[in-house]
Amino acid sequence: MRHKGISKDETRTKMIEAASKGFRRYGYGGIGIDGLSKSAGVTSGAFYSHFGSKNEAFAMALASGLDDVIASIPAMQQDHGTEWVTFFAEYYLGMSHRNDLEQGCAMATLTPEVVRFGPDMREMFEEKMSVIVKIVAQGLAGGTENSRSVRAWSMLGVLIGGISIARGMKSKAVSNAVADAIKSAAIDAAGRACSVKRP
């Protein structure tokens, strides 16, 4: 039920946030519409009226999460200049990011789910990931545009796969060791970074 004074857009935003957190924490198969609705503070009927299906809710959560990455990397590049790759890798493999699935990056938490969907979902994922890679490549120095794109894919692949391995470890010490190794590998894969000035 939508509370008085709360707009339809605000309710939809709240539901997307609840879906994002739910799918990141439990995975697509680990939570249903009832659980997502409860987290959003709405009825299941209201959830269906906004999204139509659990698949659509996942698509919106995925798109929203990747849009967050698209918005945050340019800010990081601008704030940290030539050190932005190191800052990004340290944040990505940091303990707080490793431990917080609900607030974690959609690239790491939701990518494994995408492979179970059909072409429409994967097309959207490909488009947004391609934008992310283009932004990352713009912050890398030297080489051709294609070689910077290769380095960007390599860096992201190392981070996305690496954090999953680090999260899977029972021992904090082993998780930290994995995180440190992955961080170094990601920085090496990216190569030299450059300052990016944006309007």
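**A friendly note on salt bridges, helix packing and ring pairs**

Three salt bridges are present in the structure, a salt bridge being a side-chain nitrogen of Lys or Arg within 4 Å of a carboxyl oxygen of Asp or Glu. Please keep in mind that this is a predicted model, in which local features need pLDDT of at least 70, side-chain atom pairs count only at pLDDT 80 or more, and totals for chains, interfaces and linings use all residues. Residues are numbered from 1 along each chain as its sequence is written, and side-chain values use heavy atoms, with hydrogens and water left out.

1. Arg25 pairs with Glu102, with the closest N and O atoms 3.2 Å apart. Arg25 sits in helix α1 and Glu102 in the loop between α6 (95-99) and α7 (106-109), so this bridge ties together parts that are 77 residues apart in sequence. Helices here are DSSP runs (H or I, at least four residues), numbered from the N terminus. Arg25 is partly exposed at 46% relative accessible area, and Glu102 is partly exposed at 27%; buried means under 20%, exposed over 50%, and partly exposed in between (1.4 Å probe, protein chains only).

2. Asp67 and Lys128 form another bridge, their closest N and O atoms being 2.8 Å apart. Asp67 belongs to helix α4 and Lys128 to helix α9 (residues 119-138), so the pair ties together parts 61 residues apart in sequence.

3. Glu113 and Arg116 also meet in a salt bridge (3.4 Å, N to O). Glu113 is buried at 12% relative accessible area, whereas Arg116 is exposed at 63%.

4. Do have a look at helix α1 (residues 8-26) and helix α4 (residues 54-80), which pack at about 90° with axes 9 Å apart. The axes are lines fitted to C-alpha atoms over the stretch in contact, with angles running from 0 to 180 degrees between N-to-C directions. The two helices are therefore roughly perpendicular, a label for angles of 65 to 115 degrees. Residues in contact (heavy atoms within 4.5 Å) include Ile16 and Phe23 in α1, and Phe58 and Met60 in α4.

5. There are eight aromatic pairs, meaning rings of Phe, Tyr and Trp (its six-membered ring) with centres within 6.5 Å; planes under 30 degrees apart count as stacked, over 60 as edge-to-face and the rest as tilted. Phe47 and Phe51 make a tilted pair, 4.9 Å centre to centre with 50° between the planes. Both residues, Phe47 and Phe51, are buried.

6. Finally, ring pairs link Phe23, Tyr28, Phe58 and Phe117 into a cluster.

How values were computed
Angles under 35 degrees count as roughly parallel, over 145 as roughly antiparallel, 65 to 115 as roughly perpendicular and the rest as oblique.
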